[in-house]
Structure formats: C-alpha cells, structure tokens
Amino acid sequence: LPRARRGAELKVMSTVEGKEPGFFTKGLRAEITKDEWGSDIYLFRNEELSYALGKEGSTKRKLAKASGCIIEYVGDFAFFSGTRADRMRGRHYLDWLLRQRFGTVSISDLPMRDHRDDVVMVDIPSDCARWIMGSRGAGLRSIEQETGTFLFMARETGGGEKLLICCHDATGRRRAQQLIAQQLREGPPG
C-alpha cells in the first residue's frame, strides 16, 4: 500500500509541477536516503531529462519496470521510490542510460565490481551486434517491451561487446536471454 500511495503522490506532484513550475521543486536538492524504504532524488542536467523521458514517457516507464522502482520526474528532478535495492537499481539504470548519450559505454565504467543478480551479460560476436540491435535500436526495444528489461551494448576492456540484460525479475532476464540466443541462432533477417 505505501508503494501505490507514493506512486500516486509522485504522479500528482509531477502534474502540478508541470502546471506551476517550482511548486514542489523550489529549493529541492539531489539526495540519497539511507532508509530501507524511501525516495532518492536526482537533478537532471542540460538535455538529460528529455533523453531519460523518451517518447511519451516510454524510457522512464522502461527503467521503472526493469528496476522494480517507482520512478517519476517532477520538474527537473527524478524521484526514485521504493526499497534501498529498488532505488539503487533505478539510479544505476538511469546513469547507464545517460552514459549512452555520448557513445559506447565501457563495462569498466559501470558499478559492476561486485556480482549483481539483476544483470546478465551476453557475448555478442562483433559481426552480429548491428543486426541484433536493429535499426536505431528497434530490435532491442522490442525485446525490452516483451520482457520488461533494460538492454544495452557495452564494450569490454579488450574491445569485445556484451549485451547487458538488466532487470530485477529473473523471469524477464531469462526470457530476454532466450530471445537474443534465438536471434543469434537464426542469423540476420532477410
């Protein structure tokens, strides 16, 4: 119940802030709470907000579903609500998404030092990466929609590429892995 109530509260805050800028965000700062249940706040910079929102909010919804975190944008701020683990996944997924704006993401730049149970890395042969992704990433987006995951390509230190399948739900990760494996077996379309 607190989860649904907080989600509704943030939606109302977002709507009010859209009509009356500064109503909720005046004087607000980015913060990360140490509480087991709570909200973390991130301040968007420059053009990050439109990129993180996506067409009609599709990117925001994708990150929320994959992370298991309530994510709502209020003015120039992102609110991450849920358990500490939910919020951490939500913040990491947003960070990883924003890193893609400037080119290829390197695995060594991601917080992967410790084993993460929410991320599976799949080796993608270099000659397959382009058609696995599809035109403008459409191939990955369709798998994300079907499985509730967040997918992106990242480069290893040695130069190889891996597909990162991110999701709090093991079933979604497995299904995305199966779909990628099927595409690799079948080869490029056409």
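Analyst: Two strands pair if DSSP finds at least two bridges between them. Strands (E, at least two residues) and helices (H or I, at least four) are DSSP runs numbered from the N terminus. The model is predicted, so local features need pLDDT of at least 70 and side-chain atom pairs pLDDT 80 or more, while totals for chains, interfaces and linings use all residues. Residues are numbered from 1 along each chain as its sequence is written, and side-chain values use heavy atoms, with hydrogens and water left out.

User: Which residue stands opposite Val105?

Analyst: Val105 stands opposite Ala154, a residue of E6. The strands concerned, E4 and E6, pair in the parallel sense over 2 bridges.

User: What is the strand order in that sheet?

Analyst: The order is E4-E6-E7-E5, in an open sheet of 4 strands whose pairing is mixed. E4 and E5 stand at the edges with a single partner strand each, so one side of each has no neighbour in the sheet.

User: And the sheet that holds E1, in what order does it run?

Analyst: That open sheet has 3 strands in the order E1-E3-E2, with antiparallel pairing. Its edges are E1 and E2 (70-74); each has a single partner strand, so one side of each is left without a neighbour in the sheet.

User: How many bridges join E1 to E3?

Analyst: E1 and E3 (residues 77-83) run antiparallel and are joined by 7 bridges. Within E3, Phe77 stands opposite Leu43.

User: Changing topic: what volume does the largest pocket have?

Analyst: The volume of the largest pocket is about 800 Å³. A pocket, on a 1 Å grid over the protein atoms alone, is an open set of points where a 1.4 Å probe fits, with protein on both sides within 12 Å along at least five of seven lines; lining residues have an atom within 4 Å of a point.

User: Which residues are closest to its centre?

Analyst: Lys62, Gln100, Arg141, Glu144 and Leu151 are the closest to the centre, out of 27 residues that line this pocket. At least two lining residues come from each of helix H3 (58-67), helix H5 (129-133), helix H6 (138-147) and strand E6 (150-155).

User: What about the second largest pocket, and what lines it?

Analyst: The second largest pocket has a volume of about 180 Å³. Its lining includes Ala30, Ile41, Tyr42, Phe80, Arg91, His92 and Asp95. Strand E1 (37-43) and helix H4 (84-99) are the elements that give two or more residues to this lining. H4 supplies the largest share, 5 residues.

User: Is His92 buried or exposed?

Analyst: His92 counts as buried because its relative accessibility is 18%; buried means under 20% relative accessible area and exposed over 50%, with partly exposed in between (1.4 Å probe, protein chains only). The residue lies in helix H4.

User: What does His92 touch?

Analyst: Leaving aside residues up to four places away in sequence, His92 touches Pro111 and Arg116 (contact means heavy atoms within 4.5 Å).

User: One more residue: where does Asp117 lie?

Analyst: Asp117 lies in the loop between strand E4 (105-106) and strand E5 (119-124). It is exposed, with a relative accessible area of 59%.

User: How far is Asp117 from Ala170, in sequence and in space?

Analyst: The two are 53 residues apart in sequence, and their C-alpha atoms are 8.4 Å apart in space.

Technical notes:
Points joined across faces, edges and corners; volume = space filled by probe spheres on them.
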